[in-house]
Amino acid sequence: MSTAVAEAPPAVAVNASPPPGPKVLPGFVQGMRMLLTEHRMLERYRARYGDVFAIAVWPFDPLVVVADPAEVRRIFTGDPAVMHAGEGNGILGPLVGPHSVLLLDEGEHLRRRKLLLPPFHGERMRVYGDVMRELAAAEVERWPAGEPFALLPAMQRVTLRIILRTVFGMQEGGGMDRLERDLTRLLRYSNAMMTPALQRDFAGRGPWARFKRARDEVDAQLFDEIAWRRAAGAGGDDILSMLLGATPDATDAELRDDLITLLVAGHETTATTMAWTLERLMRHPEILAHSREDGAYLDAAVREAQRVRPVITYVMRQITAPFRVGGYTAPAGATLGTSVTLMHRRADLYPEPHAFRPERFLGSKPDTYGWVPFGGGVRRCLGAAFAQYEMRQVLSTILERCDLRPDDPRPERHRRKMITFVPARGARAVMTPRA
Ligand code: HEM
């Protein structure tokens, strides 16, 4: 934790002192409190210390919270040799593998990112529209009419299947069902990986052993699929085929890590964003009706849902050298955490910040450094265009096919699930099919 100039107002002139922040609690206690009451506590600290302040949230010491668009711009466009993100993602290593773009920094990161980017170009996404709509329609068919059910698991099923079809290039039936089942299990077991103390085998038993077995089963299927695809030669619109075509020298291990990375980065994030969007739409029936009629308005509603209910609340950079931020100096080794929540609640950027108003995003692009659910700079989410296209296809299919209302008119609270924020009750809804 930084030694703080606790109650000092934010400095205007540059000085060498670290950013201010609460200094009363040790990292672990403050970290726990933070996790339990994150949003309220952040607002309180911002009121007290300004747009840049330091807190100790295990395992970061310090975490410098940043909520000023001008500073966020400097961070996102900063030198990649100073702004590391890969190290902080190290905990994902056992799942995503050593070649994952998520774990790399500097030159290695840029090289790998460049290989992955072309298949995610915005224009290309259109080839996936039919599959996305077809899988969404099949999911709606399974929903019970007139009985409460949770939308979040439904969105997880759709996004997983969409990734299997469009990214992995699997076909319906046989292999795809088995991989879907085994991946779901692997993701469930991967909690074990988040606690280094649990990463031990107990004579082939325990959560870690279970995780490794589930991973080996998934990997065997992925290696078979890659081998089969290499043998079949080029062709195919899916992202694995594009990667095989563009990088014939890539090893099977690299391709496996790419596939799991895209799944891990793209599945829960998109599913949760859609669940929140529906949670908000159901409580604003006039906005829901407008979104059903007008695709551009639906896109704006999704952006607004991402603003008021961001799924990922920090964009992290670990700095390798002292960095000037908000008039203070953050020491080498500190983590800069752009607070998506605080940025999105700035009344100067978003008047009445707690109101759900898609009109804010109609006819203009969101501000690059004021609307940051996808991060920014050389690490910006490389699936953003994919996710936005997918959310339009899936949500418009759902709205066309059924009426949805909340099972309880009160807004759902949020709950932390690993690094994401999800609707506490899973976005519960009651569905009526539309004639
Ligand atoms: C609404 C859905 C999504 C959200 C909110 C989201 C959010 C994010 C965020 C916040 C980052 C970190 C950015 C940074 O550090 O500046 C990120 C990175 C990434 N995302 Fe997404 N994401 C979504 C969907 C997807 C999808 C669908 C894919 C791929 C199929 C994907 C692939 C990736 C990858 C590979 C990275 C790492 C980029 C790098 O390190 O260079 N994401 N995403």
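A residue is called buried under 20% relative accessible area, exposed over 50% and partly exposed in between (1.4 Å probe, protein chains only). The structure is a predicted model, in which local features need pLDDT of at least 70 and side-chain atom pairs count only at pLDDT 80 or more, while totals for chains, interfaces and linings use all residues. Residues are numbered from 1 along each chain as its sequence is written, and side-chain values use heavy atoms, with hydrogens and water left out.

R413 is exposed, with a relative accessible area of 69%. This arginine lies in the loop between β9 (402-406) and β10 (414-417); strands (E, at least two residues) and helices (H or I, at least four) are DSSP runs numbered from the N terminus. Together with R40, R44 and R48, R413 forms a positive surface patch. Patches consist of residues with over 30% relative accessible area and no salt bridge, like charges being joined within 9 Å and nonpolar side chains (Val, Leu, Ile, Met, Phe, Trp, Tyr) within 5 Å. Lys and Arg count as positive, and the place of an Arg charge is taken as CZ.

Salt bridges, defined by a side-chain nitrogen of Lys or Arg within 4 Å of a carboxyl oxygen of Asp or Glu, number 38. One of them pairs R401 with E141, with the closest N and O atoms 4.0 Å apart. This pair links distant parts of the chain, as R401 belongs to helix α14 (residues 384-401) and E141 to helix α5 (residues 129-141), 260 residues apart. R401 is partly exposed at 38% relative accessibility, whereas E141 is exposed at 61%.

D182 is buried, with a relative accessible area of 1%, while R178 is partly exposed at 44%. Salt bridges with shared partners join R178, R181, D182, R185 and E217 into one network. In a further salt bridge, between R229 and D238, the closest N and O atoms are 3.1 Å apart; both residues are buried.

Strand pairing requires at least two DSSP bridges between the strands. Strand β5 (residues 314-319) runs antiparallel to strand β3 (residues 83-84), to which two bridges join it. H84 has Q318 of β5 as its bridge partner. β5 also pairs in the antiparallel sense with strand β8 (residues 335-339), over five bridges. There, M316 stands opposite G337 of β8.

Methods:
Areas by Shrake-Rupley, 256 points an atom, 1.4 Å probe, with all protein chains shown as cover.
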